[in-house]
Amino acid sequence: MSGVMKRMGMIFRAKANKALDRAEDPRETLDYSYQKQLELLQKVRRGVADVATSRKRLELQLNQLQGQSSKLEDQGRKALALGREDLAREALSRRAALQQQVTDLETQHQTLQGEEEKLTLAAQRLQAKVDAFRTKKETIKATYTAAQAQTRIGEAFSGISEEMGDVGMAIQRAEDKTAQLQARAGAIDELLASGALDDHSGLAKDDIQSELDRLSGGTDVELELQRMKAELAGGSSSQQAIEGGQGQTQSQQKPQQPQSQDTPRFDKQ
């Protein structure tokens, strides 16, 4: 059971890593890293400003303590000149206490000054790294964008992209349907021409039937023409026969010539 759980965890992590890798955009990652570096640089600069502020405050306190120390020294001199040795001793004692404070502040001032110099140098180095990273980032982004555009153009030309793949599949389906319809139409024409399919509408005829109809129609015309010629020829013959019959009738109706008296007559014995 433990092995199964480990295997399931490994599969889940592998799929999650693949999904994250697919969703990750290097340009966005570079911009995010650059933004984080800018935030770090801003923190360093703020630290330098804080150290410089503390150093400046120590300098003001040093100047104030040194002023008080000088003032106490002058007061001790004046008191000693007036014969007030006790006041002069008190003024010198206070001046010694202030001098100890000045020494401590000077030590802190040197420490802060050293920290400020280190932070300033670190800020300058970080600024240089951020500037270099920004230049490299923009170069990588431009290269990535160009490679991505080139890849998309190549996929579009080769037809392996998702969009062009869908278009290619649509064209292929249209070509397949067109070829199927053409094959079906050709098969139906062949079946009609062979007589395997009867056209009950009487509209579609094959080539042989059309040729036979044309020859039959031509034969009917020729026969009709011959019949008309025969009728015309027969009518002419009848007219000539009629005219000939009328002539014979007229010749029969002519009176016979009387026989000559000189013609001998023979009596029947």
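Modeller: Helices (H or I, at least four residues) and strands (E, at least two) are DSSP runs, numbered from the N terminus. Residues are numbered from 1 along each chain as its sequence is written, and this is a predicted model, where local features need pLDDT of at least 70, side-chain atom pairs count only at pLDDT 80 or more, and totals for chains, interfaces and linings use all residues. Side-chain values use heavy atoms, with hydrogens and water left out.

Colleague: How many helices and strands in the protein?

Modeller: There are 5 helices and 0 strands. Along the sequence that reads α-α-α-α-α.

Colleague: What span does α2 reach?

Modeller: From first C-alpha to last, α2 covers 82 Å with its 56 residues. That is close to the 82 Å expected at 1.5 Å a residue. The expected span is 1.5 Å times one less than the number of residues.

Colleague: And which residue follows α2?

Modeller: Gly83, with a positive phi near 85°.

Colleague: What share of the protein is buried?

Modeller: 12% of the 269 residues. Buried means under 20% relative accessible area, exposed over 50%, partly exposed in between (1.4 Å probe, protein chains only). The protein exposes about 22400 Å², and carbon and sulfur atoms supply 55% of that. Those areas come from the Shrake-Rupley method with a 1.4 Å probe; for residues, only the protein chains shown count as cover.

Colleague: What about contacts between residues 24 or more positions apart?

Modeller: They make up 79% of the contacts with a separation of 6 or more. Contact means heavy atoms within 4.5 Å.

Colleague: Switching to rings. How many aromatic pairs?

Modeller: The structure has 1 aromatic pair. Its rings are Tyr34 and Phe133, with centres 6.5 Å apart and planes at 15°, so they are stacked. The rule for rings of Phe, Tyr and Trp (its six-membered ring) is centres within 6.5 Å; planes under 30 degrees apart count as stacked, over 60 as edge-to-face and the rest as tilted.

Colleague: Where do the two partners sit?

Modeller: Tyr34 is in helix α2 (residues 26–81) and Phe133 in helix α3 (residues 85–158).

Colleague: Is Tyr34 buried or exposed?

Modeller: Tyr34 is buried, at 15% relative accessibility. Lys137 lies over its face, 5.0 Å from the ring centre. For that label, NZ of Lys or CZ of Arg must be within 6 Å of the ring centre and within 35 degrees of the ring normal.

Colleague: Now Glu116. Which helix, and what does it touch?

Modeller: Glu116 is in helix α3. Beyond residues up to four places away in sequence, Glu116 touches Val51, Ala52 and Arg55. With Arg55 there is a side-chain polar contact of 2.3 Å. A polar contact is a pair of N or O atoms within 3.5 Å; within protein, one must be able to donate a hydrogen and the other to accept it, and residues adjacent in sequence count only if both atoms are side-chain atoms. Glu116 counts as buried at 14%.

Colleague: And Ser69, buried or exposed?

Modeller: Buried, with a relative accessible area of 5%. Ser69 lies in helix α2. Its side chain makes a polar contact of 3.3 Å with the side chain of Arg95. Leaving out residues up to four places away, Ser69 touches Arg95, Leu98 and Gln99.

Colleague: Last one. What does Leu65 touch?

Modeller: Setting aside neighbours within four places in sequence, Leu98, Gln101, Val102 and Leu105. Leu65 is in helix α2 and is buried at 10%.
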